[in-house]
Amino acid sequence: MFNSQELIPLNAYLLIASILFCIGVWGLINSRNAVRVLMSIELMLNGVNINLMAFSSYIDGNIIRGQVFTVFVITVAAAEAAVGLAILLSLYRNRTTVDMESFNLLKW
Amino acid sequence: MTIATSTELICFLILSSVIVSGALGVVLIDNIVYSAFLLGGVFMSVAGLYLLLNASFVAAAQILVYVGAVNVLILFAIMLVNKQEELKPIKGLKIRRFFSGCVCAGLLALLFRVDITTNWATPGPKAIGEIATERIGEHLFTDYLLPFELASVLLLMAMIGAIVLARRDVISIELESTDSIPQNIINNSTDNVLLDQSSD
């Protein structure tokens, strides 16, 4: 199952990344606080980043394209957090709540 | 097993357990301030994993951007919207949580199966280690130049968008109550652009 040539196999990093991503998905679906939804998105992005870094180190060790992609993902995550929290503040000003169940403007 | 390898293994086990338990705490703990601080711990542990993977630059970027910027931003947002409110109960919440938990467990099982059963092409080329930072710089200014510039444009757009969305128009009362302000500022504005909508 695990490659015994290296001490920590690639699979171990991938398993950690999978667990982190799935916890993020569960939190994204089930959180009622809007700030916690944003935190869950950050968790999912971190899981993806661990994946990219693990592949970059184990398979692509001399070109490290995965690390460059991780830098881009970190940039996009920072922009997303800024815009998301600004939207959250605007929503809170209009609705005076952060309950996700009360944000039903797009419900038909 | 030498001291170096056993240290690496112990570090990996500690960091991964901190990541998993911290992530569970982020989504499960009721108090959202604790969740935010646990999220900072998860980010720091992920940076530690990057150090184990020979990527010191990305680890530093992770700590600077995530712990220094995103986590502080989340804490400020919690301070700004921190109202103790009683969430009204909705029916079927337990069932919803159960089914979404089933879906996430299924996704986890699928990912685990892919992770374990695939024959990854390891060992690949030897990792370059310490000169990874120079290599990232070369990538950013040669073959990844266009995404790099697009990222800068994206950051500018995000900054302007965040300012526009979160701006609070509070200069209206002073403008209307004093006479020394030039009248054309008020006349040029439409009715409710300058009104403070947050007072009610």
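**Figure 1. B:Asn31 caps the N-terminal end of helix α2(B).** In this predicted model, a side-chain oxygen of B:Asn31 lies 3.2 Å from the backbone nitrogen of B:Val33. Helices (H or I, at least four residues) and strands (E, at least two) are DSSP runs, numbered from the N terminus. At 1.5 Å a residue, the 21 residues of α2(B), residues 32-52, should span 30 Å, and the end C-alpha atoms are 30 Å apart, which agrees; the expected span is 1.5 Å times one less than the number of residues. B:Asn54 follows α2(B) and has a positive phi, near 65°.

**Figure 2. A salt bridge joins B:Arg96 and A:Glu101.** The two side chains meet at 3.0 Å, N to O. The rule (a side-chain nitrogen of Lys or Arg within 4 Å of a carboxyl oxygen of Asp or Glu) finds one salt bridge across the interface of chain A and chain B. Polar contacts (pairs of N or O atoms within 3.5 Å; within protein, one able to donate a hydrogen and the other to accept it, with residues adjacent in sequence counted only if both atoms are side-chain atoms) link 16 residue pairs between the chains, both residues at pLDDT 80 or more.

**Figure 3. Chain A and chain B bury about 7,400 Å² between them.** Of this area, 75% is on carbon and sulfur atoms; buried area is the accessible area (1.4 Å probe) that two parts lose on being put together, summed over both. A:Trp26, A:Met39 and A:Arg93 supply 9% of the area that chain A buries against chain B, more than any other three residues. Contact (heavy atoms within 4.5 Å) involves 74 residues of chain A and 84 residues of chain B.

**Figure 4. Confidence in the two chains, as pLDDT (the predictor's confidence in each residue, from 0 to 100).** Chain A averages 89, with 94% of its residues scoring at least 70. Chain B averages 85, and 84% of its residues score at least 70. In chain B the mean is lowest in helix α8 (residues 183-188), at 54, and highest in α2(B), at 95. The model scores ipTM 0.91 and pTM 0.85.

**Notes.** Residues are numbered from 1 along each chain as its sequence is written, and chains are lettered from A and ligands numbered from 1 in the order in which they are written. Local features need pLDDT of at least 70, side-chain atom pairs count only at pLDDT 80 or more, and totals for chains, interfaces and linings use all residues, while side-chain values use heavy atoms, with hydrogens and water left out.
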